[in-house]
Each structure stands twice: as C-alpha cells, then as structure tokens.
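Here are my notes on this one, written for someone opening it for the first time. Have the model on screen while you read, and take the points in order.

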Amino acid sequence: MTGTIMGAADISRALTRIAHEIVERNDGAADVVLMGIPTRGLPIAHRLAARIAEIEPAFDAELATGALDITMYRDDLFKNPTRAIGTTSVPDTGIDDAVVVLVDDVFHTGRTIRAALDAIRDLGRPRAVQLAALVDRGHRELPIRADFVGKNIPTSRSERVDVRLEEIDGEDAVILRKGE
Amino acid sequence: MRHLLTTKDLSKTDALRILDTATQMAATQEREVRKLPTLRGKTVVNLFFEDSTRTRISFEAAAKRLSADVINFSAKGSSVSKGESLKDTALTLQAMGADAVVVRHWASGAAYQLAHGGWLHGSVLNAGDGTHQHPTQSLLDAFTIRKHLAPGGDLEGVTVAIVGDVLHSRVARSNVYLLTTLGAKVVLVAPPTLVPVGIEPWPCDVVHTLDQALDTYEIDALMMLRVQRERMTGGGFFPSPNEYSRIFGLDGDRLRRLPDHAIVMHPGPMNRGLEISAEAADSPRSVIVEQVANGVAVRMAALYLLLAGEEAAQ
C-alpha cells in the first residue's frame, strides 16, 4: 500500500496521544526534556511540548525543548557524501537527572537513535532516556525500541516513508512511496 | 573538497560551508565533554618543516577533539635533517596510513607538491607554505570577523585593513583572496619595500601609511601582521624599528581613531612594541586571544569536511 498514510488530522491526533502517554508514563512532566532530532524531529518535539503544556500547565514548553544534531555521531559518515552539521541546543537547565524524550519523525534501523544516545552521553547524564517517533516503519538493525509511537507502518526495505510537516514542507502528511 | 591548499580557488559556497561548520564545532567546545567521536579511526599527521607553536597545537587539538589519531612529525631531529626528500617523507607517511597530512613548509608550493605528486592517498591541509598561503589562518580570521561584524552572513560591506609585512606574509595573501571572495573590501597597508612585486592583479587597495588608511577608509577590522625579521636576511626593508613603529605601528592614539565597532586582530606571535603596542594588544577591542580559540573550531571544520565524506567520492 503506497500513498498518503496519515493526513494532518491523523498526525495531530497521534501527537496528542503521545503527549498524554509521555505525561502518564512519567507521572507528570516535571523533569521531562524533549530533544528533537533535526530536521523533522525538531518541529515534532515543539508540537509535543505545546501539547504537554496544555495538559500540565506547569510545563514550560520553550524551556524544556532542545535540538540534538547527531551528524558527528553517525556510524556511516565515511559511507555517504559529507553531511552538513546541524545545531544542537540544550535547555538552560541542562539534562542531568532529567527524563530526556528523544523525538524523531521516522523510526527505522535504530542507528540514528544509537547515535543520539551517544550524543546525549556527551551532554550530561539524564535519569532516563525515552524515544518518541511519529512513524515506526520496522527493519531494526540494533536492539533499540520506541516508547511512544504515532503509527506503526509495515514497509518493505525498498519503500520510502516521507514525513511532511507544516513548519518545513508547508503541509502535514506521511507518504509511503515505492522505492526505485 | 579533497585538499585545502589555498584560498585563491575556494568558492564562496565552500568558504561559507567551512565557516558554518566551524560555528557548530565552536558550539561543541563549550560543552563539558568537548571530544566528539566523529573521526575515530582516522590518522592525521602533522608534518612540520618549519617552527610553529600555535598552528601545530591548534591542529593537534582539533584532530584530537574529533577523536582522530595524531602523529606529530617535525623536521628537526628527523630523517629530513639527514637529507630525506619531501617525496620519501610522503611515501613513509603513506605507508603509515595517514588519512590527512597537515603540512607546514618553508618552501612556497610544498603543500601543492605533496597533494599532487601522487605520493599520498590522503588529504593535504596547507598549514603555511613559505610566503604563499596559510588557508586555515585566513579562515579563522574570516570566522572571527564574521562572528563580530556579520553573524551568519557573508562579509559584504566589511572593510578589512591588513597592515605591515605583506611581502613575507602568507596570512595576507590568503586573506586577500578569502575575504574578497566573501564580499569584504581589503586594504593593504605597507611600506613600498614590503609590498610584493606583481601585486597589481590582487583584488585589494594598497596604501603606504597607517594614518592614510585610517583617514581614507572606514575600517571595520584592522589586522596587524608580524614583522618577519627571520625572513629579512640582509635587511634594508625599513630604516629602523622605531621608524616602522611610528608609521605602521598600532598605538593607543591610532586605536581610538577606529570606529567604535572595529576589532583589532593579529595572527601571532606578536612583536609587542613593534607592530602593535601593549595598549592596543590588550584593549577590549583586541580579539587576538579569541582568534586562537576560533582556530581550533575552524580546523575541526576543515578536518571534518575533508575526512568525513565518502571514500569513493574523493
């Protein structure tokens, strides 16, 4: 099945549910820090933070959201063309003893998350690290799992999952494409 | 990019890419853990045929912060002093598996020869060749100017004056081309004896006293060059150090004639009292110490961009 798998309303509902799950799992959001993985994990992290702030008024969405660029921690740096390095920003309070929720758009092989865990280690020592992804498309290559998933989409390896977001692409959609 | 040999053929896109990458590298240097795993398993050789403290240490720090292995090779006390040629030294390094060679040599063109001689498989980074080029120094200068005067952009509308021993200065040559490529206007200030023959095609203005430069141009960044006395064998370049200081030295009075936002730079090591007075060197406008810190970030960026890509793409 190819084509649009999730529309704007589906994405919105999924993120609202994930926000609730994050608050439920952590008995509130007091120590939660959301770290979005650029490019598209970052706007998703901001949206989740805004939703958590609606549920838990004491949660400061701006203060508790950061960006985690993982380029320099990738294990395939020497197998691909040189990548530009993105911005990493850590909330002023730091991440020591916080519950860091990594946020990415598509959860696939697990290698991005492996790199993110290494990057986190250089930034501090959180109490726990959790993972939220809008789409889980399977095909894990490492023993890593997600804590919060918007939608599980069975795919074949050759297919592509494109997440399009209002902030970057002008529309909200998850599209499954046939591979070349 | 395969090598970094000169700023003359560096495109604006590539230059900005290095500066943007350096900005991200600088941000990582404010963390508690400053080491990144990026170049794990790569070997960087520092090949120095000429004395250098800050450039060598800066490259060493940059490579180590990116987790590369560093081998330091200085010509003193090596087989070079026994008469080994550049070619044989290069073949030795190749056999040791050098992924990048950082080379400083007293001969102009040595880095080019090393890169294009077919002796080495890895990338060559020019860390100063004779009186020719010193690209990472000019990149760190551009990084420093950009940070203070044009954050995030190019250097369009910025005027940079480079003062002093232009003749012997690879820093001046590298900066003239790089800063012009980035959109800045460059003014060279030097006595006629310290202006190279054949300077006409360089994309810059030349004036012969610092006062004239201060009167004529709205200078945003003033870069003082070291008077390279070790290269002035035979003398005759200027009558006396005192006279040089009087006409080309930056003292407190000249410092105060600069616009309020202007910064003072020096590639180091400084001859205090000759090209720059202690008052100017230690003033709040001076970004000389910051240049050193920026040098590590810029060299991290250069090493990353040269070494991180696909092997096949090289």
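**Notes on the two chains**

1. Start in chain A, where three strands make an open sheet in the order S1-S8-S7, with antiparallel pairing. Strands here are DSSP runs of E with at least two residues, helices are runs of H or I with at least four, and both are numbered from the N terminus. Two strands count as paired if DSSP finds at least two bridges between them. The edges of this sheet are S1 (3-6) and S7 (160-164) of chain A, each of which pairs on one side only. From one strand to the next, the twist averages 30°.

2. Before going further, some housekeeping: this is a predicted model, in which local features need pLDDT of at least 70 and side-chain atom pairs count only at pLDDT 80 or more, while totals for chains, interfaces and linings use all residues. Residues are numbered from 1 along each chain as its sequence is written, chains are lettered from A and ligands numbered from 1 in the order in which they are written, and side-chain values use heavy atoms, with hydrogens and water left out.

3. Back to that sheet. S7(A) and S8 (residues 173-177) of chain A pair in the antiparallel sense over 5 bridges. Helix H1 (residues 8-25) of chain A lies across S1 and S8 of chain A, running at about 30° to S1(A). Angles like this run from 0 to 180 degrees between N-to-C directions, with axes fitted as lines to C-alpha atoms, for helices over the stretch in contact; contact means heavy atoms within 4.5 Å.

4. Two backbone spots in chain A deserve a look. Asp27(A), in the loop between H1 and S2 of chain A, has a positive phi, near 50°, although this residue is not a glycine. Thr39(A) sits in the loop between strand S2 (32-36) and helix H2 (41-55) of chain A. Why flag these? Because most residues other than glycine have a negative phi, and most peptide bonds are trans.

5. Now chain B, which has an open sheet of 5 strands in the order S7-S6-S5-S8-S9, with parallel pairing. Its edge strands are S7 (205-207) and S9 (263-265) of chain B. Neighbouring strands are turned by 20° against each other on average, direction ignored. Strand S8 (residues 221-224) of chain B pairs with S9(B) over 3 bridges, and Leu222(B) stands opposite Val264(B) in S9(B).

6. Chain B has a cis peptide bond too, from Gly268(B) to Pro269(B), with omega near -10°. Pro269(B) lies in the loop between S9 and helix H10 (278-281) of chain B.

7. How much area do chain B and chain A bury between them? About 1600 Å², 58% of it on carbon and sulfur atoms; buried area is the accessible area (1.4 Å probe) that two parts lose on being put together, summed over both. The contact takes 22 residues from chain B and 16 residues from chain A. Across this interface the rule finds 0 salt bridges (a side-chain nitrogen of Lys or Arg within 4 Å of a carboxyl oxygen of Asp or Glu).
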